[in-house]
Amino acid sequence: MKKNILVGLVIFSSIFLAFILVKDNPAGKFLNSMSQHQRQKVLYSFDDTTKTQWHYIPSSMFPRAGISLAELNVTQKKLLHELLQSSLSETGYLKTKKIIDLENVLREMSGDSVMRDPEKFFVAFYGNPETDSLWSWSFEGHHISLNFTVLNNKQTIAPRFFGANPAVIPSGPRKGERTLEKEEELGFQLINSLDSEQKAIAIFQEAPINDIVTRNSIEVNPLSPEGIKFDGLNSSQQKVFLRLIDEYLSTMPEELAKERMKNIQEEELGEIRFGWAGATKSGAGHYYRIQGKSFLIEFDNTQTNANHIHTVWRDFDGDFGKDLIREHYENSDHHNH
């Protein structure tokens, strides 16, 4: 009898501790702050089709799943920002905030408060972080699409899209302020460090590409292998190339970024290509891509007189958590459920 009571207490304590931990993590705290109506808007089944229906155009042009910032109270917004901070690096979180704030700049420039609205960013959960070992969530709006998948506290983030319009604020009290500056400047530094023979390989067309080639595709396969390989660069050029890749990785939490860079360096570094299209100086349209075995980066700055940046990181095997989902089902005793 005493043994049964002891076992019961251990089980109850474990369940209670798990409950407390869930309620105390940023996702659980955010969901726990919501009304039943809000929870119904923000929670979807794990395999809901809206999970992969993403875009980077304004929310007035492409409806998003989930609940908007406009529908959250001050406390809930604070909790959502805590969730973003815990899921991104400081660099990634600051970029996210700056891109949201560019909607205010666009509103001032255009006078359009419908299309240009910093409250039209949406959060959605797929599966329930309060009860599920495998779940996803997204944060999305104009020029931001962040897609997180979590398996037993192990996280991936892909696709990751960041854009900036204007890339350089042209007027007003914030004139000259730049967003996504390093992605552009390191790209210019690398292409302009190449000699004529290297440039002939790296520049695969003279005209720029006016948007990322992969757009808002649900699934991405490797593009044509354009550009110069990492092994075709000298040591100083290779350092710049690694700094450029690292800038895209730096939006993720530090340990996650370090692990990914280590895998890239060990498994595919020599084969990674850097390809360029368009002008090699600022002020005119330009585009580059970085492609390895497992990933693709695209950058373009062609629209709005080359003052409008799009960037994206795609994982061929890991977009929308495909790698974690596969791991979950391979190790699950109830994968046929």
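Predicted model: local features only at pLDDT ≥ 70, side-chain atom pairs only at ≥ 80, totals over all residues.
Residues are numbered from 1 along each chain as its sequence is written, and side-chain values use heavy atoms, with hydrogens and water left out.

Now the rings. How many aromatic pairs does the structure hold? There are 18. Rings of Phe, Tyr and Trp (its six-membered ring) pair if their centres lie within 6.5 Å; planes under 30 degrees apart are stacked, over 60 edge-to-face, and the rest tilted.

Take W54 and F161. Their ring centres are 6.2 Å apart and the planes meet at 50°, so this pair is tilted. W54 is in the loop between β1 (43-44) and β2 (67-68), while F161 is in strand β6 (residues 154-164), so to speak a distant part of the chain, 107 residues apart. Strands are DSSP runs of E, at least two residues, and helices are runs of H or I, at least four, numbered from the N terminus.

Are these two residues buried or exposed? W54 is buried, at 1% relative accessibility, and F161 is buried at 0%. Buried means under 20% relative accessible area, exposed over 50%, and partly exposed in between, using a 1.4 Å probe and protein chains only.

The next pair is W137 and F148. Their centres are 4.2 Å apart and their planes are at 5°, so the pair is stacked. W137 belongs to strand β4 (residues 134-141) and F148 to strand β5 (residues 144-151), so the pair ties together parts eleven residues apart in sequence. W137 is buried at 2%, and F148 is buried at 1%.

F148 also brings us back to β6, where it stands opposite I157. Seven bridges join β5 to β6, and the two run antiparallel; strands pair if DSSP finds at least two bridges between them. Their hairpin has two residues between the strands, and N152 takes a positive phi near 50°.

On β6 itself, ten of the eleven residues are buried. β6 also pairs with strand β12 (residues 309-315), antiparallel, over five bridges, and there F161 stands opposite V312.

Last, a cluster: ring pairs link F188, F230, F241, F274, W276, Y288 and F299.
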